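Reader: Please take me through this model slowly, one feature at a time, with the rule behind each term.

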Amino acid sequence: MARRLRIAIDYDRCVGSGICVLTAPHVFEFNDQRQSSVIDPTGDPEELVLEAAHGCPQMAIFVEDADTGERLFPPPGLE
Amino acid sequence: MLVQDDLLAPEVVADPYPYFARLREEDPVHWNQRWGGWLVTRYEDVVTVLRDYERFSADRMASLVLELTPEDRDRLSLLINYFSKWLVFTDPPYHTRVRMLINKAFTPTSVERLRPRVREIVDELLSEVAHRGHMEFIHDFAFHLPVIVISEYLGVPPEDREQVKEWSDETSRIFFIRADEPDRRERSQRGLQHLLEYFEPLIYDRRRHPKDDLITALVQAEERGDLLSHEELLATCTVLIFAGHETTTNLLANGLVALTEHRDQWELLRDNPSLVRPAVEELLRYDGPVKATFRWAKTDTELGGKTIREGDRMLAVLGAANRDPRKFQNPDDLDITRTPNPHVAFGHGIHICLGAPLARLEAQEAFLALSQRFPNIRLADRPREYHRTIVARALKELWVEW
Ligand code: HEM
Ligand code: HEM
Ligand code: SF4
């Protein structure tokens, strides 16, 4: 059973690069303002969600284990 | 209306912010006759133009090529072919594909591992001048840092660095409208030719002998079975050498001016080095290296109540958006603790600067070291002159003492 993720977008940072939307298309989608929004945290495998978070040029994506609260991205010191 | 409506008037080149402010308040989507396009100055409108790539295209080469005579098109075919592959000039789907392939090498976490080396380079450069008590900041320091960092990351050996930088400068001649250089397009093409000949064997070499460098990473970059073509690789290597140079140099120089002219902010940083991250964001916002970037309208449309015609040029004035009081409190104040700081100094939307994480890292290390090693640095009493360009906010020289 894959763990459940909590994913948050910092809208002061998101510039709508679209990189997360292309990387994990079933998790992230552009909203009307062309910023990213999370449509389904379980839409793609965790690996792709983390790849999207890594790929974000603005460090705008935060990922946690929804049950334990463990921070999965960004790594400590880099937020 | 506007007393002075000239992006290149001497007083606007020296300090564009009063002109930007007047546009933003009086006519935020403004037809500028001289430039032949719309100047967009409010944060919200700038962001709209840069996000909406379906209405506003970044394919600046297409319109440029149309202006050339057929003979010129023949003569400059190499230039046209490569420039039209440079990310900053392309629209989806080409842009999407290449950007996704290159992006992995430039994410914040992948450039973070360069930090110790960047710190070392900053230290070496500053040690060379420390005993002098003064320097010309741009040529003694700010110019070298980005060249060394990107050359090392790409895998260009130190002994070739100067030469590669020279060719890159030649190539970039075309971007600066200098009426006094009638042969600038030919020189640009020659520079590019040299760069291509230089990178060609390096790429072949890394295919056979992978190393821990960016060329290898680009050669191996793969996204769902897709690879960069040989031409795309060459285009990318040349653009990386060019794109990160002057912009980063200018961030360091403009940033140092801003900090030394706001002594309280300099002291705040000196005494609180952990503020360096928000400080760099604020320097980008306050007096960023790129004043504006342009797009053209792909359809008839409307912006800020103005009717835009298909083919119209749109100048998204980043420097004006970054001082918009509708978005930033006390926008004309330098406040290195400002958070959040959603400035648009690196652009916005799908063309957001690829090198932003690297530029941020370099500037953080530079201002950290400067504030610790030269706590009393001050500007020398000399006039400051900026290059006369629409796009770049670039000082010619910057003399400092300590
Ligand atoms: C402080 C330094 C820098 C600033 C202010 C800056 C600014 C910008 C801006 C405003 C854009 C968007 C242009 C547009 O939308 O038309 C851009 C794009 C770009 N920048 Fe930078 N840049 C900097 C440093 C760098 C560095 C160090 C590199 C490479 C190592 C780089 C590579 C690029 C590339 C490749 C693009 C095109 C991205 C795309 O179209 O997807 N830049 N930059
Ligand atoms: C990354 C590589 C870049 C390349 C290869 C490039 C190339 C060019 C070229 C070929 C032109 C046309 C010059 C002419 O009319 O002969 C141009 C103009 C221009 N570029 Fe870039 N550019 C780059 C980056 C940027 C960036 C980062 C910005 C700003 C964010 C920018 C903004 C502009 C603007 C506003 C003009 C129009 C200038 C004018 O009309 O006077 N460019 N550029
Ligand atoms: S990758 Fe980051 S900046 Fe780009 S759309 Fe997603 S959250 Fe926004």
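Reader: Which element gives the most to the lining of the second largest pocket?

Author: Helices (H or I, at least four residues) and strands (E, at least two) are DSSP runs, numbered from the N terminus. In this predicted model, α20(B) gives the most to that lining, with four residues, while α3 (43-51), α8 (108-112), α18 (276-287) and α20 (356-373) of chain B each supply at least two. Residues are numbered from 1 along each chain as written, chains are lettered from A in the order of writing, and side-chain values use heavy atoms, without hydrogens and water. Local features need pLDDT of at least 70 and side-chain atom pairs count only at pLDDT 80 or more, whereas totals for chains, interfaces and linings use all residues.

Reader: What is the volume of the second largest pocket, and which residues are the closest to its centre?

Author: Rolling a probe the size of a water molecule over the atoms shows where empty space is left. A pocket is an open set of points, on a 1 Å grid over the protein atoms alone, where a 1.4 Å probe fits, with protein on both sides within 12 Å along at least five of seven lines, and lining residues have an atom within 4 Å of a point. Here the volume, the space filled by probe spheres set on the points, is about 770 Å³. Of the 35 lining residues, the closest to the centre are Arg13(A), Gln58(A), Glu79(A), Glu281(B) and Arg360(B).

Reader: How many residues are in contact between chain B and chain A, and how many salt bridges are counted?

Author: With contact meaning heavy atoms within 4.5 Å, 24 residues of chain B are in contact with 23 residues of chain A. A salt bridge needs a side-chain nitrogen of Lys or Arg within 4 Å of a carboxyl oxygen of Asp or Glu, and the count between the chains is two. Lys104(B) forms a salt bridge with Glu51(A), where the closest N and O atoms are 3.8 Å apart. On the side of chain B that touches chain A, the largest share, four residues, comes from α7(B).

Reader: Where do cis peptide bonds occur, and which residue has a positive phi although it is not a glycine?

Author: Most residues other than glycine have a negative phi, and most peptide bonds are trans. In chain B, a cis peptide bond joins Pro92(B) and Pro93(B), with omega about 5°, and another cis bond joins Thr339(B) and Pro340(B), with omega about -5°. Met59(A) has a positive phi of about 50°, and Met59(A) is found in the loop between α2 (46-55) and β4 (61-65) of chain A.
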